[in-house]
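Open the model in your viewer and keep the selection tool handy. We will walk through it stop by stop.

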Amino acid sequence: MEKTDFRILQKTRLSKHKKSHFKQDFKIFKECLKIIKFFKAKNILIFIPLSYEPNLLKFRHILSKNYKLFVPFMQDKSLKIVKLRLPFIKKRFGVLEPMNSFLKTKIDIAIVPVIGVDKNLKRIGHGQGFYDRFFKDLNHKPHIIFVQSIDAFTQHNLTQKHDISAKLYINPYKKYYKKERKNDRITYRAYNCRSWSWYRVFDRKKDQ
């Protein structure tokens with residue numbers, strides 16, 4: 001299967017999914033919050049969702065108590081970071097965005113939506129390359145978490161070198177963790193959402 005075919009297949013699945021559900025969104029939010037706390041992050045990049053994407057904005061009142069929240073803002077063919085604040089304005093591709101703001105900040109964790117994820121835990125998005133260019137131009141490397149309302153992981157290698165990757169991919173049904181070995185081989189582990197603790201994984205990693 002080619003990347004384009006996989007993208008079309010997952011978009012079809014997502015169109016049937018239509019909109020996020022509170023319980024599913026809360027599962028994803030809980031997992032993200034565990035990771036945020038573990039890394040003691042302060043500045044969090046989230047996103048204003050499309051109808052079929054996880055809606056983590058439902059829980060911004062919880063996050064905003066202890067963390068500073070930012071969202072992507074489309075600028076030319078890339079993105080910039082702006083503060084999460086009302087009102088939202090509909091922009092290209094039907095994406096909602098806050099008003100533009102001018103600031104420089106260092107993001108600790110970026111929570112990024114996906115259309116699908118391949119065997120290397122690399123992102124398959126809408127094909128516009130906004131996130132790829134954004135992270136390439138960053139002068140620091142935040143922890144990246146991929147999230148999605150369905151499980152759209154494939155064991156095939158579908159992506160290119162420029163596609164961004166994450167060590168974590170979370171959906172309401174499974175959690176995926178990427179582990180890089182010394183010989184540059186990349187493996188992944190998948191777990192049911194109820195049967196695995198991020199703390200165990202990261203603690204084990206520290207011990208290696």
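Predicted model: local features only at pLDDT ≥ 70, side-chain atom pairs only at ≥ 80, totals over all residues.

Residues are numbered from 1 along each chain as its sequence is written, and side-chain values use heavy atoms, with hydrogens and water left out.

**Whole chain.** Colour by secondary structure: the protein chain has five helices and 12 strands (DSSP runs, H or I of at least four residues for helices, E of at least two for strands, numbered from the N terminus). Buried residues make up 50% of its 208 residues; buried means under 20% relative accessible area, exposed over 50%, and partly exposed in between (1.4 Å probe, protein chains only).

**Helix α1.** Now select residues 3–17, which form α1. Show Lys3, Phe6, Arg7, Gln10, Leu14 and His17, which are buried. The face turned away from them carries the exposed residues Ile8 and Lys16. Cover for the buried residues includes α2, β7 and β8.

**Salt bridges.** Stay on Lys3: which residue is its salt-bridge partner? Asp163 is, with the closest N and O atoms 3.0 Å apart (a salt bridge is a side-chain nitrogen of Lys or Arg within 4 Å of a carboxyl oxygen of Asp or Glu). This pair links parts of the chain 160 residues apart, with Asp163 in the loop between β9 (143–147) and β10 (168–170).

Next, pick Lys122, in the loop between β7 (116–117) and β8 (123–124). Lys122 is buried yet has no salt bridge, and the nearest side chain of opposite charge, Asp163, is 5.9 Å away (Lys and Arg count as positive, Asp and Glu as negative; His and the chain ends are not counted).

Move to Glu31 and Lys175, whose side chains meet in a salt bridge (3.3 Å, N to O). Shared partners join Glu31, Lys34 and Lys175 into one network.

**Core.** Finally, select Ile44, Ile111, Phe135, Ile145, Phe146 and Tyr169, which touch the most other members of the 56-residue largest nonpolar core (buried Ala, Val, Leu, Ile, Met, Phe, Trp, Tyr and Cys residues joined through side-chain atoms within 4.5 Å). Helix α2 (residues 22–38) gives the most to this core, with six residues.

Technical notes
Expected span 1.5 Å × (residues − 1). Contact = heavy atoms within 4.5 Å.
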